[in-house]
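Trainee: I have not seen this structure before. Can we go through it in short steps?

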Amino acid sequence: MEFVGSSTHKKHKKYKKHKKHKAKDDIISDLPESVINYILSFLPTKDAVRTSVLSKRWIEKWTLITNVELDDSVFYSSKKKSERKTLQQCFINFVNRVLLLTGSHSVESFSLAIANNYDPSVLNTLITCILKKRVKKLSISLSKELTFSTLTTYYLYNHATCLEELVLTIKTYYSAIKIPLYKISGVFLFTSLKLLKLYGVTFTIDKSQQIIFSVLKKFESQNCLWLSAGVADVTLELKAPLLESVYIMQNRVPLTSELPCKIKFSDSRLKEFTYEGDGMTKDIVLSDPPSACNATFTNNFSSVQETETRVSPLLEQFSQVKRIKLQFYTEPNVAILPKFAMLSYLELGFVDIKFLLGLFQNSPALNTLLFKGLLESDHELLNSAAVPDCLTSSLQVVKFGDVHGDEYELLLAKYLMENGTVLERMCFSVSYVCLGKRKVIEEFKEKLYSFKKGISFAILEFSYDYC
């Protein structure tokens, strides 16, 4: 038997539930369109599509996102090999839908990450369609080697007029995104590109070419190959009047029958130049002496001969720099290093006394010296060496790193204190391995202070490395 009020009660309950859901939907619906688009643009594209089902008003909002992020790895949740082809097709279909439905407005940034195998023609088609969208920031990351097709290359060099940032990455070592370079006039122009990062990319050119980057400020290259298509003495000139920073990291390059081409940076305003690795140093040319540039060199050559023949041509171009950082895993012959006439700030890795004295002789204006540590070396050289000009006229600050309290460290400090007539400060960073050897460090300090007696210079400072 049902009471009279029971049906009314059920209707009221159902009404309250409906009202509650409607209230939530109203909250979502009341958000301004710009806010909705802004929120969705911060999500990976697949999640943005999923989020759009929260409200009827949101269903097509994902098509207005300004940041597109596509990663095929999120589609491969299944580990069954039999399903991989189906999953590949699902991803391609999804990308095609995104490219189609986001085509009516401007996309600020586009990121495409591919971790699995696809037909090269499919990938080239996708990349070409992305380039057609006139994006401002483009990132393409591949785990497998890919050769850009003629059409893709054409769009990259001729229709990427809106690109402000370009990142091309190949993750598999010794594989590459291969991009041929060609143009009848010999000149390519990028009017908007400000940042260019290349990882594992191979450029192949059949004659000298010039690329003009009107507003490029930062260039970064890691393990890239710059090859000539069978022709000797070929140069790829990067003309960048606003270029401020160059970073090149090049480990040993794979064996190839093709000749390397020279990379020439011209008309630049370099403030920082960093080279790290053990290859292609002879192929880097700077047309304008970067006298105001901060230069960093970290070389991993396995022999002294390699260091001398490969590093010297590059370092010669930085003979007028004011600040430089050098780190050699094999100490070169100082005689092959240039004279740094304007150098005031020098930072070194682990060095021996012979190399240090040679750099003193080559750096008459040196003001500040830092080095990570002193290698065990022949301290008798300090007795026979002529006093370098920088010690008597300009060297004011010396910082010892990784101090162990050894005799050769002590004698070098004594030599600097006795001959550094303008020296103002000498700092010692005690190695963490010596923290338990309190007596050794105290004796080292006592001897230093005994040398200081009668010498009216400088402050001695000690710090401790607890790492």
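Trainee: What covers the buried residues of α12?

Mentor: Keep in mind that this is a predicted model. The buried residues of α12 are I441, F444, K445 and L448. What covers them includes β23 (397-403), α11 (407-419), β24 (425-430) and β25 (459-464).

Trainee: Why do the buried residues of α12 lie on the same side?

Mentor: Start with the list: I441, F444, K445 and L448 are the buried residues of α12. Their directions from the helix axis cover an arc of only 100°, which puts them on the same side of α12. The arc asked for is therefore 100°.

Trainee: What should helix α12 span at 1.5 Å a residue?

Mentor: Helix α12 runs over residues 438-452, which is 15 residues. The expected span uses one less than the number of residues.

Trainee: Where does T421 lie, and is T421 buried or exposed?

Mentor: T421 lies in the loop between α11 and β24. The cut-off for exposed is over 50%. T421 has 55% relative accessibility, so T421 counts as exposed.

Trainee: Which residues does T421 touch, leaving out those up to four places away in sequence?

Mentor: First, a distance along the chain: T421 and Q396 are 25 residues apart. Their C-alpha atoms are separated by 8.7 Å. As for touching, with residues up to four places away not counted, the partners of T421 are L391 and T392.

Trainee: Which residues make the nonpolar surface patch, and how exposed is L151?

Mentor: The patch, about 290 Å², is made by L151, Y154 and Y182. L151 lies in helix α6 (residues 150-158). L151 is partly exposed, because its relative accessible area is 48%.

Trainee: How many helices and strands does the chain have?

Mentor: The chain has 467 residues, and buried residues make up 45% of them. Its secondary structure comes to 12 helices and 25 strands.

Trainee: Among contacts between residues at least 6 apart in sequence, what share joins residues at least 24 apart?

Mentor: Contact here means heavy atoms within 4.5 Å. Take the contacts in the chain between residues at least 6 apart in sequence. The share joining residues at least 24 apart is 68%.

Terms used. Residues numbered from 1 in each chain as written. Predicted model: local features only at pLDDT ≥ 70, side-chain atom pairs only at ≥ 80, totals over all residues. Heavy atoms only, no water. Helix = DSSP H or I, 4+ residues; strand = E, 2+ residues; numbered from the N terminus. Buried < 20%, exposed > 50% of the residue type's maximum accessible area, 1.4 Å probe, protein only. Arc of directions from axis to C-beta. Patch = residues over 30% accessible without salt bridge, like charges linked within 9 Å, V, L, I, M, F, W, Y side chains within 5 Å. Areas by Shrake-Rupley, 256 points an atom, 1.4 Å probe, with all protein chains shown as cover. Salt bridge = Lys/Arg side-chain N within 4 Å of Asp/Glu carboxyl O.
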